[in-house]
Amino acid sequence: MKKILVANRGEIALRVMRSAKEMGIQTVAVFSEADRNALHVRYADEAVCIGPPASNQSYLVIDKIIQAAKSTGADAIHPGYGFLSENADFSDRVKAEGLVFIGPKGDSMRRMGSKLAAKATAIELGIPLVPGTATAIEDISEAKKIAKEIGFPILIKASAGGGGKGMRIVASADEFEEQMKLAVSEALSSFGDGAVFIERYVASPRHIEIQVLGDTHGKIVHLF
């Protein structure tokens, strides 16, 4: 790999570019008209303007990113984080265009991009889960019945959610329907996806997160 295009801006792009420079890899920056004089543009070996200031006319336009990579002879595209970094279609498109996507495959993103898809993958692999529903709730009365079987308090969670949005704690069956409607409404307004599921509420959890890295050659390591 001799040259990579960084499909991002600002500090995110700079971090990637600094690492690439240490590895002897050339970098290509992309920028909107508003970022013409930005530091990441000046730091890169090459830079390509990809459109107006609005991100949906520049940094989020897949065709423009691909075109910039091809016109500069880049071997790969690094998405940084945010923007197109979790877009499964973008990952697939980069590969289809004969370029390397430095990040997960589209299939991996689809499996982990929503909590319901991630739960389905975990079930498929025999990984234990907190008791709850494995699919989106479509029938509120049926969901209420399941909630009683799980035992209150329960948690209603948006499948596409994050940052606590689309999440409701339900202490009893009496408030279940109201909280369900509020969770669905918040999920729709925040993520454009009203799919929610329920699981047992764990009042005082200990969050243990393990970072796992794998490459395309099958080498996998964990960071303790």
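Student: How do the residues of the lining of the largest pocket divide by class?

Tutor: They divide into 21 nonpolar, 13 polar and nine charged residues, where Ala, Val, Leu, Ile, Met, Phe, Trp, Tyr, Cys and Pro count as nonpolar, Asp, Glu, Lys and Arg as charged, and the others, Gly among them, as polar. This is a predicted model, in which local features need pLDDT of at least 70 and side-chain atom pairs count only at pLDDT 80 or more, while totals for chains, interfaces and linings use all residues. Residues are numbered from 1 along each chain as its sequence is written, and side-chain values use heavy atoms, leaving out hydrogens and water.

Student: What makes a space a pocket, and how much space lies in the largest one?

Tutor: A pocket is an open set of points on a 1 Å grid over the protein atoms alone, where a 1.4 Å probe fits, with protein on both sides within 12 Å along at least five of seven lines; lining residues have an atom within 4 Å of a point. The largest pocket holds about 1,900 Å³, and among its 43 lining residues Ile102, Gly103, Pro104, Lys105 and Gly214 are the closest to its centre.

Student: Which helix gives the most to that lining?

Tutor: Helix H5 does, with six residues.

Student: What is known of the second largest pocket?

Tutor: About 520 Å³ of space lies in it, and of its 22 lining residues Met112, Lys115, Ala118, Lys119 and Lys157 are the closest to its centre. Its lining has ten nonpolar, eight polar and four charged residues, and H6 contributes the largest share, five residues.

Technical notes
Points joined across faces, edges and corners; volume = space filled by probe spheres on them. Helix = DSSP H or I, 4+ residues; strand = E, 2+ residues; numbered from the N terminus.
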